[in-house]
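Subject: Structure handover, with notes on charges and rings

Hello,

Here is the structure I promised to pass on. My notes on its charged and aromatic side chains follow below.

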Amino acid sequence: MIPNDELIRIIDLLNTTYESEEAWHGPSVVEALRGVTPEMSGRRISPNTHSIAELVFHMTSWRIFCVKKMQGDATFDITTPEKNFGALPDKIDDFEWEALEMELSLSQEELINELDKRDDDEFLEDIVPGRDYTYYDMLHGIVNHDLYHTGQIMILKKALTFKGAGSQFADDDEDEYGSPYGSSQEHDDYY
């Protein structure tokens with residue numbers, strides 16, 4: 001049997017990025033989501049940005065992608081904006097927010113469980129079904145993906161807290177572009 005030292009390190013990175021309170025890079029995903037209210041989760045800081053709820057949906061989608069690929073599903077893909085960021089309402093209620101957070105948590109658990117099924121590191125160099133990169137690259141990619149979106153969530157939380165604190169950017173005001181705060185206009189999938 002070949003050792004699984006690298007796999008153990010990857011699982012540790014995935015768990016640290018997701019839920020550690022002592023990650024060297026800063027807040028974990030779970031820490032970043034702490035204190036986000038349902039009302040806050042569905043709001044946008046400008047028309048061309050994603051909401052926190054959409055980012056959570058997106059992070060869940062890509063964990064599911066990883067699980068499906070590790071299960072050998074070459075055809076599974078995230079090809080539409082609805083599959084990537086969801087088709088969520090602007091106003092998220094308590095139930096919807098709780099469901100989004102639970103789905104993210106379950107997708108993390110499912111990903112770790114799928115990795116725990118592996119006995120050695122050999123599969124890390126295999127090509128992901130339907131792709132041209134390795135499992136090693138995909139798994140490190142999901143860590144980087146989490147870090148990127150966790151940073152976005154932290155910025156959104158700060159901006160939404162500022163906007164909601166009775167500042168000049170109160171809910172019914174327009175932003176500098178004449179758009180109402182929290183508008184659900186079309187948005188670019190890169191934010």
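A salt bridge here is a side-chain nitrogen of Lys or Arg within 4 Å of a carboxyl oxygen of Asp or Glu. Please keep in mind that this is a predicted model.

**Salt bridges**

The whole structure holds eight salt bridges. I will go through some of them.

Arginine 34 and glutamate 21 meet at 3.9 Å, N to O. That falls within the 4 Å limit, so the pair counts as a salt bridge. Arginine 34 lies in the loop between helix 2 (29-33) and helix 3 (38-41), and glutamate 21 in the loop between helix 1 and helix 2, so the pair ties together parts 13 residues apart in sequence. Arginine 34 is partly exposed, at 47% relative accessibility. Glutamate 21 is exposed, at 59%.

Arginine 131 bridges to aspartate 77, with the closest N and O atoms 2.8 Å apart. Here two loops are joined: arginine 131 sits between helix 6 (94-116) and helix 7, aspartate 77 between helix 4 (52-70) and helix 5 (81-85), so the pair ties together parts 54 residues apart in sequence. Both ends are partly exposed: arginine 131 has a relative accessible area of 26%, and aspartate 77 has 24%.

**A lysine without a partner**

What is the nearest side chain of opposite charge to lysine 157, and how far away is it? It is glutamate 101, at 9.3 Å. Lysine 157 is buried and has no salt bridge. This lysine belongs to helix 7 (residues 135-163). Neighbours within four places in sequence aside, lysine 157 contacts Glu31, Ala32, Arg34, Val36, Met40 and Ile52. Arg34 in that list is the partner of glutamate 21 described above.

**Aromatic rings**

The count comes to three aromatic pairs. Phenylalanine 65 and phenylalanine 76 make a tilted one, 6.4 Å centre to centre with 45° between the planes. This pair links distant parts of the chain: phenylalanine 65 is in helix 4, phenylalanine 76 in the loop between helix 4 and helix 5, eleven residues apart. Phenylalanine 65 is buried, at 1% relative accessibility. Phenylalanine 76 is partly exposed, at 23%.

Phenylalanine 123 and tyrosine 135 are tilted too, at 5.5 Å between centres and 50° between planes. Phenylalanine 123 lies in the loop between helix 6 and helix 7, and tyrosine 135 in helix 7, so the pair ties together parts twelve residues apart in sequence. Both residues of this pair, phenylalanine 123 and tyrosine 135, are buried.

Ring pairs join Trp62, Phe65 and Phe76 into a cluster. And phenylalanine 123 has a charge over its ring: the charged end of arginine 118 sits 4.5 Å from the ring centre.

Best wishes

Definitions and conventions:
Residues are numbered from 1 along each chain as its sequence is written. This is a predicted model: local features need pLDDT of at least 70, side-chain atom pairs count only at pLDDT 80 or more; totals for chains, interfaces and linings use all residues. Side-chain values use heavy atoms; hydrogens and water are left out. Helices (H or I, at least four residues) and strands (E, at least two) are DSSP runs, numbered from the N terminus. Buried means under 20% relative accessible area, exposed over 50%, partly exposed in between (1.4 Å probe, protein chains only). Lys and Arg count as positive and Asp and Glu as negative; His and the chain ends are not counted. Contact means heavy atoms within 4.5 Å. Rings of Phe, Tyr and Trp (its six-membered ring) pair if their centres lie within 6.5 Å; planes under 30 degrees apart count as stacked, over 60 as edge-to-face and the rest as tilted. A charge sits over a ring if NZ of Lys or CZ of Arg is within 6 Å of the ring centre and within 35 degrees of the ring normal.
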